[in-house]
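This report covers the pockets and the nonpolar core of one protein model. The sequence and structure come first, then the description.

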Amino acid sequence: MLKSIHHAAIICSDYPRAKDFYVNILGLKIRAENYRAARDSWKLDLQLPDGGQVELFSFPDAPPRPSYPEAQGLRHLAFCVDSVEAAKAQLEARGVEVEPVRVDEYTGKRFTFFCDPDGLPLELYES
């Protein structure tokens, strides 16, 4: 029945800062950007190279994430990369703090974590 993940939706606290992070730091392409006046909310649709999408929302007075990263619900969002080391170096060159690279004990694949401007844990996972 299910074929793939179409998109992940993220609510941010500072729309211009989050938009800059996802577009200029992570390099996601903008598909659509809409301001919804009735909700005083922005909705930014971002495209990944494989067709997957990230939806970035802003809402006035959205509560902060309750804990890192062990709150119930979405634990983290993982992005597939060709080289974790190369992607880590690119992020660090752009001022993003990235954890040391680790190896998945079950798959042998390399991975690391970093955070978006609101502290949402993001993962780089080597393909």
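The second largest pocket holds about 500 Å³ of space. It is lined by 19 residues, and I11, P63, P64, R65 and L120 are the closest to its centre. By class, the lining of the second largest pocket has 12 nonpolar, four polar and three charged residues. The model is a predicted one.

The largest pocket has about 820 Å³ of space. Its lining is made of 31 residues, with L28, L48, P49, F79 and C80 nearest the centre. The elements that each contribute two or more residues to this lining are β1 (7–12), β4 (53–58), β5 (77–81) and α2 (84–93). Of these, β5 supplies the largest share, five residues. In the lining of the largest pocket, 17 residues are nonpolar, 10 polar and four charged.

| Pocket | Volume | Lining by class |
|---|---|---|
| Largest pocket | about 820 Å³ | 17 nonpolar residues, 10 polar residues, four charged residues |
| Second largest pocket | about 500 Å³ | 12 nonpolar residues, four polar residues, three charged residues |

In soluble globular proteins, nonpolar side chains tend to be buried together. Here the largest nonpolar core consists of 26 residues, and Y22, L56, F114 and L122 have the most contacts inside it. Two or more residues of this core come from each of β1, α1 (15–25), β3 (41–47), β4, β5, α2 and β8 (121–126). The largest share, six residues, belongs to α1.

Which residues does Y22 contact, leaving aside its neighbours within four places in sequence? They are I10, G27, L28, L46, L56, D116, L120 and L122.

Notes:
Residues are numbered from 1 along each chain as its sequence is written. This is a predicted model: local features need pLDDT of at least 70, side-chain atom pairs count only at pLDDT 80 or more; totals for chains, interfaces and linings use all residues. Side-chain values use heavy atoms; hydrogens and water are left out. On a 1 Å grid over the protein atoms alone, a cavity is a set of points where a 1.4 Å probe fits but cannot get out, and a pocket is an open set with protein on both sides within 12 Å along at least five of seven lines; lining residues have an atom within 4 Å of a point. Grid points are joined across faces, edges and corners, and a volume is the space filled by probe spheres set on the points. Helices (H or I, at least four residues) and strands (E, at least two) are DSSP runs, numbered from the N terminus. Ala, Val, Leu, Ile, Met, Phe, Trp, Tyr, Cys and Pro count as nonpolar, Asp, Glu, Lys and Arg as charged, and the others, Gly among them, as polar. A nonpolar core is a set of buried Ala, Val, Leu, Ile, Met, Phe, Trp, Tyr and Cys residues joined through side-chain atoms within 4.5 Å. Buried means under 20% relative accessible area, exposed over 50%, partly exposed in between (1.4 Å probe, protein chains only). Contact means heavy atoms within 4.5 Å.
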